[in-house]
Amino acid sequence: MAELRWNPLINDWVMINSSRQSRPVMPKGYCPFCPGSEKIPDNYDVLKYDNDFPALSQNPPEPDNVVGNSEIYKIKPMYGKCEVILFSPEHESSICEFSVEHIKKIIDLWTERFVEISKNENIKYVFIFENRGELVGVTQPHPHGQIYGYSVVPKKIEIEIDCFKSHYKKNKSCLFCDINKDEIKFNQRIVYENEDFIAYVPFFAEYVYQVYISSKKHKSHIAKFNKREKNNLALTLKMITGMYDSLFDKNFPYMMCMHNAPVNIKSSKKISKAFHFHIEFYTPLRSENVQQFNASSETGVWAHCNPSAPEEKAEELKQALKRFQESL
């Protein structure tokens, strides 16, 4: 069973894919992403790999007939694209250990795949992300991220678009550009910045160690960046991921979620004027050995409660970044 089912309570589609439960557990000592596995080339720096067990498919099966006579429920094929982006052939490695030049190769590959997947008119949103650590459900520790190409715009992005458009209509300016200006003026929540990017614990942080990375110039998606901006994005990613690992002197779990403007929708050009590229880090630790759970309030009604002050955590992260920089 693999299909999209409509949730009429929030006007959103849910992916139903029962085949994902049958993903095999890899034998101990075997990694399909390491050279010599016969699954990938023996030599590579970074690599695109089509997901063996995709949540979305370019040849999806016809949905099961489970709607019955309902006038409320809707169902459609679970069309899309799922790719794995291998960051390195080195099994025991992570972004913060790579050179800036190597991280730029990852960014170049992200850009290439964003452009290529966007050529498919059936794809409406290209989502680039990395899950890191067992705490966020990672079963394959080899350094990698993923790209999902959705046939619908995800609900959170839809809400962001509405907020961007509303702010632009009222103020004739980009919401994120204005947020960046406020953070620069206040300064206390900024943990890192360079010529082209700024990273800070957002004023409205939902997670204890949450960080946003934003382009300083108004760019709607990753393919808009020039060579210098890509180099500075690579440097920013190295600094932020290194900062996290220095925080408790161990591999820090996170979800890195890149927000680009949607593609192939009627108002794409208008949205690009308002939408601003940014990366959101979701961090499941509230302290060194304590997990921050999404409980009833967060999950049931999307009402997040952050048990910390963002300004205090920003200072803690700045000290962690300083330790990482001194170790280089």
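Biologist: Where is the place of A205, in terms of β9 and β10?

Modeller: A205 sits in the loop between β9 (197-200) and β10 (211-215). Helices (H or I, at least four residues) and strands (E, at least two) are DSSP runs, numbered from the N terminus. This is a predicted model in which local features need pLDDT of at least 70 and side-chain atom pairs count only at pLDDT 80 or more, whereas totals for chains, interfaces and linings use all residues. Residues are numbered from 1 along each chain as its sequence is written, and side-chain values use heavy atoms, with hydrogens and water left out.

Biologist: Is A205 buried or exposed?

Modeller: A205 is buried, with a relative accessible area of 8%. Buried means under 20% relative accessible area, exposed over 50%, and partly exposed in between (1.4 Å probe, protein chains only).

Biologist: Which residues is A205 in contact with, leaving aside neighbours within four places in sequence?

Modeller: Q210, N306 and P310. Contact means heavy atoms within 4.5 Å.

Biologist: Let us step back. How many helices and strands does the protein have?

Modeller: There are seven helices and 14 strands. The radius of gyration is 20 Å, close to the 20 Å that the globule rule gives for 328 residues, so the protein is as compact as a globular protein of that length. The radius is taken over C-alpha atoms, and the rule is 2.2 Å times the number of residues to the power 0.38. Along the principal axes, the C-alpha trace spans about 60 × 55 × 40 Å.

Biologist: What percentage of the residues is buried, and what does the accessible surface come to?

Modeller: Buried residues make up 51% of the 328 residues. The accessible surface is about 16,800 Å², of which 51% belongs to carbon and sulfur atoms. Of the contacts with a separation of 6 or more, 70% are accounted for by residues 24 or more positions apart.

Biologist: How far apart are the mean positions of the positive and negative charges?

Modeller: They are 7 Å apart, for 42 positive and 42 negative charges. Lys and Arg count as positive and Asp and Glu as negative, while His and the chain ends are not counted.

Biologist: Now H276. Which loop does H276 lie in?

Modeller: H276 is in the loop between α5 (268-274) and β12 (278-282). At 0% relative accessibility, H276 counts as buried.

Biologist: What does the side chain of H276 reach?

Modeller: It reaches the backbone oxygen of S215, at 2.7 Å. Not counting residues up to four places away in sequence, H276 also touches residues including F164, C174, F176, N180, K217 and H259.

Biologist: And G145, which strand is that in?

Modeller: G145 belongs to β7 (residues 144-150) and counts as buried at 1% relative accessibility. Beyond residues up to four places away in sequence, G145 touches E83, V84, I85, F87, F129 and E130. Its C-alpha is 9.8 Å from that of K48, which is 97 residues away along the chain.

Biologist: Last one, S57. Which backbone nitrogen does the side chain of S57 reach?

Modeller: That of N59, at 2.9 Å. S57 lies in the loop between β3 and β4 (75-77) and counts as partly exposed at 25% relative accessibility. Leaving aside neighbours within four places in sequence, S57 is in contact with M78, Y79 and G80. The C-alpha atoms of S57 and L175, 118 residues apart along the chain, are separated by 34 Å.

Notes
Accessible areas come from the Shrake-Rupley method with a 1.4 Å probe; for residues, only the protein chains shown count as cover. The place of a charge is taken as NZ of Lys, CZ of Arg, CG of Asp or CD of Glu. A polar contact is a pair of N or O atoms within 3.5 Å; within protein, one must be able to donate a hydrogen and the other to accept it, and residues adjacent in sequence count only if both atoms are side-chain atoms.
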